[in-house]
Amino acid sequence: MNIGLLNLTFTKLVDAGTVNTTYITLHNSQAGAIDYILTGGTVYQPAAPRRVVTIWLSLGDLNAIKAAYPLFSSHLTSYLSLVNATLTDLYGNPNIGIDKPASLLADDYVDDATAPLIDYFDLNMSTAVLTIGFSETANASSLLGSSIVLWSAANVSEAVSYTIVSGTILSSQYTPEVRFALSSTDSNILKAAHTIATSAANTFLTLALAAISDMHGNYYASAAGPLAVRHFYQDISAPALYNFSLDMSAGVLALTFTESVDPQTLNTTAIQLLFAPGSATSVRLTAGAANQSAGPIF
């Protein structure tokens, strides 16, 4: 499971060129509930016929098997069956099939010792969702949101950085692509900053050591510099007024929006105070000064 290599040993010499990998099914036990049918893979073609067939699992199959934990997560959860005519011998005679109740337990098993690495990441500022793609299936529930750092440039000595405070994991537990919803606090701070995560040009990411692990306890261990965003989606969601408060003694009206807004764009004459919902008694503001700090509250 470390490199995705599957070896099948037969009772006689076989023709590796006749192997149909989609006829092979993996099980977590002879009576278990987890089954996975291979979708592809590369079969090694030896110079001379052998009893052993070597299959390099496709990355898609390898990730899917790891995601179907505990399938093939240990020696005792590694069983295999195959149908008739999965391959033939040198004379065209098809193999004898092996049904699930009689599926074979692996003779030898090598555990996954490879830690996940970042392949890419995407950021959608409208939905405040960060997507991180890893080199292999990871345990999404192990992701530490506070280990995520966004940068404004690839050169950390010249970049502005922001460390995520919290958020919610949206992905299924075992997956090579982890989706993480930023908290409203993080989203609003980033939107108010204007210097980071406003475009693909100023959106980069690093993860702290041990930020995430796979199902076998292999923790992220890369010290690579900031990675450029693959897909960046600019914020196109309009702010909405969430609530307000009015201090008549201080003459201060506080407006709370659903996201950070630009105070310089506030048109005070567009604000109207009503005696009650739908009331004809109202006062439209004629002037006023807004605080100049960007954020969700004026």
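Mentor: A salt bridge is a side-chain nitrogen of Lys or Arg within 4 Å of a carboxyl oxygen of Asp or Glu. Keep in mind that we're looking at a predicted model.

Trainee: What's the general idea behind such pairs?

Mentor: Side chains of opposite charge can pair when their charged atoms come close. In this structure, the side chains of D35 and K100 do that, with 2.9 Å from N to O. That pair ties together distant parts of the chain: D35 belongs to strand 3 (residues 35-37), K100 lies in the loop between strand 7 and strand 8, and they are 65 residues apart.

Trainee: How many salt bridges does a search of the whole structure find?

Mentor: It turns up seven salt bridges. Another one of them joins D122 to R230, whose closest N and O atoms are 2.7 Å apart. Here too distant parts of the chain are linked, since D122 is in strand 9 (residues 118-124) and R230 is in the loop between strand 16 (227-228) and strand 17 (231-233), 108 residues apart.

Trainee: Is D122 buried or exposed?

Mentor: Use the cut-off: buried means under 20% relative accessible area. D122 has 9% relative accessibility, so it counts as buried. Back at the D35 pair, D35 is partly exposed with a relative accessible area of 40%, and K100 is partly exposed at 22%.

Trainee: Which residue does D235 meet in a salt bridge?

Mentor: That would be K191, at 3.5 Å from N to O. D235 sits in the loop between strand 17 and strand 18 (241-247), while K191 is in helix 2, and 44 residues separate the two. D235 is partly exposed at 28% relative accessibility, whereas K191 is buried with a relative accessible area of 16%. Salt bridges can also share partners, and that is how K66, D112 and E136 end up in one network.

Trainee: You mentioned helix 2. How should I read a helix?

Mentor: An α-helix has 3.6 residues a turn, so residues three or four places apart point the same way. Now look at helix 2, residues 184-193: D186, S187, N188, L190, K191 and A192 are buried there. Just past the end of helix 2, H194 takes a positive phi of about 65°.

Trainee: Which element gives the largest share of the lining?

Mentor: Strand 1 does, with nine residues. By type, the lining of the largest pocket divides into 22 nonpolar, nine polar and four charged residues.

Trainee: And on the surface, which residues form a nonpolar patch?

Mentor: Look for I3, L5, Y44 and W56, which together have about 400 Å² of accessible area. Y44 is in the loop between strand 4 (42-43) and strand 5 (50-56). With 42% relative accessibility, Y44 counts as partly exposed. Patch members need over 30% relative accessible area, so Y44 clears that cut-off.

Technical notes:
Residues numbered from 1 in each chain as written. Predicted model: local features only at pLDDT ≥ 70, side-chain atom pairs only at ≥ 80, totals over all residues. Heavy atoms only, no water. Patch = residues over 30% accessible without salt bridge, like charges linked within 9 Å, V, L, I, M, F, W, Y side chains within 5 Å. Areas by Shrake-Rupley, 256 points an atom, 1.4 Å probe, with all protein chains shown as cover. Helix = DSSP H or I, 4+ residues; strand = E, 2+ residues; numbered from the N terminus. Buried < 20%, exposed > 50% of the residue type's maximum accessible area, 1.4 Å probe, protein only. Nonpolar A, V, L, I, M, F, W, Y, C, P; charged D, E, K, R; others polar.
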